[in-house]
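Hi there,

Here is the structure I promised to pass on.

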Amino acid sequence: MSDDAAAERRELRDTARRFLAERSSEQDVRRLMDGPGHDPALWELMGRDLGWQGLAIPDAHGGAGYGWDELVIVFEEMGRALLGAPFLATVALAAGALLESGDVEAQARYLPDLAAGRVVATLAAAGDDGLPDLEAVGVRATRAAQDGWRLTGRVPFVLDGQHAALVLLPARTPDGVTLFAVDVPGAGVEVTALETLDLTRGLAVVRVDDTPARQVGRSGDGARIVGRALEFGSVALAAEQTGGAARCLDMAVGYARTREQFGRPIGSFQAVKHICADIFVAVEAARSALFEATRQANRHVAGAAAELSAAAHLAQAICSESFVHAATANIQVHGGIGFTWEHPAHLYFRRARSSEILLGTPAHHRREYARLLGLAA
Amino acid sequence: MAQTAREDPAGDRGHEDDDSDRESLTAFLDRARVFLAGAPEVGRRSETTGLARSEAGDGERVGDGDGGQRASRPPLVWGEGSDEVNLLPEHSPEEDERIVAAARRFKAAEYAAGFGWIDGPTEYGGAGLPVSYLDAYLDLRGQYDVPDLAVFGLGLGMISPTLLAHGSESAKRIYLPRLHAGEAIGCQLFSEPGAGSDLASLRTRAVRDGDEWVITGQKVWTTNGHLSDVGEVLCRTSPEAPKHRGITAFLVDMHAPGVEVRPLRQMTGGASFNEVFLTEVRVPDENRLGAVDDGWRVATTTLMNERSTASDLGGSLAAILDRLIMLARWSGRLADPVVRDRLSDTVMHVRLAGYATERAHLARTAGTPGPEHSVGKLVWTNNLRRISDLLTDILGPRLIADTGEWGTFAWTTLVLGVPGIRVSAGTDEIMKNILAERVLGLPREPSPARTTSAPGGNGKDGNV
């Protein structure tokens, strides 16, 4: 890494932290979770003035043409600040799928709007167990008389589905699973927001009924594209988780330094010190997992031989474990105050518990990792 | 081990910039290749693994870090070769003799050829080259089958940087070349029966007698004590002073009259450590490290280097992991999804240690060392615990009784060694205190000794 690139990344992190401290304060987070879930004006601002949505989108499609090193920084900082925004859905999943599809026409049609913050998009791929079941996709595509395709079916657990104007979804066709794009609102589209454990992140059920759709990528290539997009999503989510875990560490340590019991700061007791040290070890594990995942994502994007699948599963398994550990231990260090609604500790706990399942449970990721290692029976 | 010289906190290598007539890296490596191809003992692999203090980490430090096979590691074949899996060196006297002889021959030749102390200052026998040359050399050496150099680990990794930072001019001139030429094997005489985690409460006495000091006391857990030529010893010099301020460090000749080394049998059944009895051992004042009563600072230098060493070892479970995977396949236990899940988890965590080492390496190259080192030991012991627990499920009864099958009961040595790793080189709990206080900035535990006899504090603490 050149010194210039390193300096640029430091600046990006500083900018992101400052901006999010201002625009995604605890007060902002609570305002969004009690109401709209996401702030369209902030979304536009991030796309237009900061260029975050387009950070890793090629220049040709209105992006800045950076890579995962930069994108990961922004995701980490958003995770720290618990930003309520459809960034993961739009930038990692939807833009990731479009880029992976190799479909130049679809890229030209959608990516500039995504990059500029004009459109929120998502990928609807989860099956009933929350994981994409690409063998038994719940949506069927039929060829319409003249203008393309019609989709019918239902997808549960669609990330930020209620905010999206563009939904990418895999559907069954005679040529195999193929990816399609549906505009929302649109004929026969029904999006129902769900009550969620993580109050800062939206999940919805998307139903389509004879809904017009455009094909994205080659016929029968949907499973591959979606699989890869989920790996990009895994890297991005791992970054969010790492940022969230780091914030929990800061909160726990800050409180342990100042809270006094038995006439001295609780952080001077070894029992509390060791909780904090264990959180630190967990955060470092997350950072190492993210380091490898970022490297493999970059290699993949550059067209080099990469082990993105393994690295993505590892990152999800490890960063999930780390964030849940950090968020849980943070409440323990805080004691009673950490269990109150007013304290932000539970917001991180909710985010941690939700994130570890969002793109596959830790057991799923360990199973897939073992499979990739050839550790089958 | 030479790799830790890179982290020398004394910073005695201001050679990065005066590169006017320095040998180019390419020429340097060409010369290194010629040397390694013809060096003594190279190409004959030593049979013991000795992973705990060996240079196994070198081959894995840079690169994929994923436990993949390196040229330096012969491919594992089930049922072939030794099935010993040992974290601690437990050699018979004959094995010791053979290993030490091979190591000394190689190291002497390496030093003579100018590769023995690549980034060391020239006035003390170093080659005065940038640390990047050392890194490149270690990468290259990792591709050759060099002897087990673990026996030099303490001398090169801990005593050398301590000596450089705190030794007298004459001690530096005498001992540094000998340490790096493989002539002097070093050990660390710190722990005592009554001074473990609370090292500063040590009671071995040193009393001044003219130009000499007279040392009497007992040390314990001395790695390589029986093989050593020189030891770094911490002694009480001012019994009335606060405990951290009455300690002085010395280099002691392990062959001097009054030094008695006895093997200490540990719970594995073998002996990797010694007890060392010091009875009126005379040490010249030139061998004093640092000022009188300032030995705590000296010990800190040594222990910081010890932790760097331990954390580099965090990545060195790759060879054990390969063996574990092979065992899991052989055992047929992978049919159990629970075993598969836990093996997957273990592989992930061991590989993470490799990624952490890479991160630390990058941070060091960028001149901003992170806290990764402090974490390394905990990561290492956590991984060893994972491996031990998994072995129970994979091996079942073959772990508790020897059926004679290759590669099964041999794992008992590892399982029995893990509790020792958890208490050695700073117990896991002490490491957590260090992380909490030094890295996270949590307040110290009020200590009666410090608050009563060292008012105002002095930046030292009981957890070094």
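Below is what I found, chain by chain.

Please keep in mind that this is a predicted model.

**Chain A: how it divides**

I looked at the pairing of domain 1 with domain 3, where 22 residues of domain 1 and 34 residues of domain 3 make up the contact.

Together, domain 1 and domain 3 of chain A bury about 2,400 Å², and carbon and sulfur atoms account for 64% of that. On the domain 1 side, the residues that lose the most area to domain 3 are Trp68(A), Arg80(A) and Glu100(A), which together make up 31% of what that side buries.

Polar pairs are there too: 11 residue pairs are in polar contact across this interface, both partners being at pLDDT 80 or more. The salt bridge count between the two domains is four. Glu100(A) turns up again here, as its side chain forms a salt bridge with that of Arg228(A) (4.0 Å, N to O). As for which elements of domain 1 touch domain 3, α2 (26–34), α4 and α5 of chain A each supply at least two residues. Of the helices, α4(A) gives the most, with eight residues.

**Chain A: helix α3**

Helix α3 of chain A runs over residues 40–50, and its buried residues include Leu42(A), Trp43(A), Leu45(A), Met46(A) and Gly47(A). Among the elements covering them are α1 (3–23), α4 (68–81), α5 (87–101) and α6 (104–116) of chain A. At its start, a side-chain oxygen of Asp39(A) comes to within 3.0 Å of the backbone nitrogen of Ala41(A). Just after the helix, Gly51(A) has a positive phi of about 70°.

**Chain B: annotations and domains**

UniProt, in an unreviewed entry, lists "domain: Acyl-CoA dehydrogenase/oxidase N-terminal" at residues 107–183 of chain B. That span is 56% helix and 0% strand, with its end C-alpha atoms 8 Å apart. Also from an unreviewed entry, "domain: Acyl-CoA oxidase/dehydrogenase middle" is placed at residues 187–277 of chain B. Here the chain is 0% helix and 49% strand, and the end C-alpha atoms lie 14 Å apart.

The domain assignment for chain B gives domain 1 (186–293) and domain 2 (298–440). The area buried between them is about 810 Å², with 73% of it from carbon and sulfur atoms. In domain 1 of chain B, Ser197(B), Met267(B) and Thr268(B) lose the most area to domain 2, together 47% of what that side buries. Across this interface there are zero salt bridges, and one residue pair is in polar contact (both at pLDDT 80 or more).

**Chain B: Glu110**

Glu110(B) sits in helix α3 (residues 93–112) of chain B. Is it buried or exposed? Glu110(B) counts as buried because its relative accessibility is 0%, under the 20% cut-off. Its side chain makes a polar contact with the side chain of Arg141(B) at 2.9 Å. Leaving aside residues up to four places away in sequence, Glu110(B) touches Phe35(B), Phe115(B), Gly116(B), Tyr137(B) and Arg141(B).

Best wishes

Definitions and conventions: Residues numbered from 1 in each chain as written. Chains lettered and ligands numbered in written order. Heavy atoms only, no water. UniProt positions renumbered as here; feature names shortened; annotations may be inferred. Helix = DSSP H or I, 4+ residues; strand = E, 2+ residues; numbered from the N terminus. Buried < 20%, exposed > 50% of the residue type's maximum accessible area, 1.4 Å probe, protein only. Contact = heavy atoms within 4.5 Å. Polar contact = N/O pair within 3.5 Å; in protein donor to acceptor, adjacent residues only side chain to side chain. Buried area = accessible area lost by both parts, 1.4 Å probe. Domains from an automatic or database assignment.
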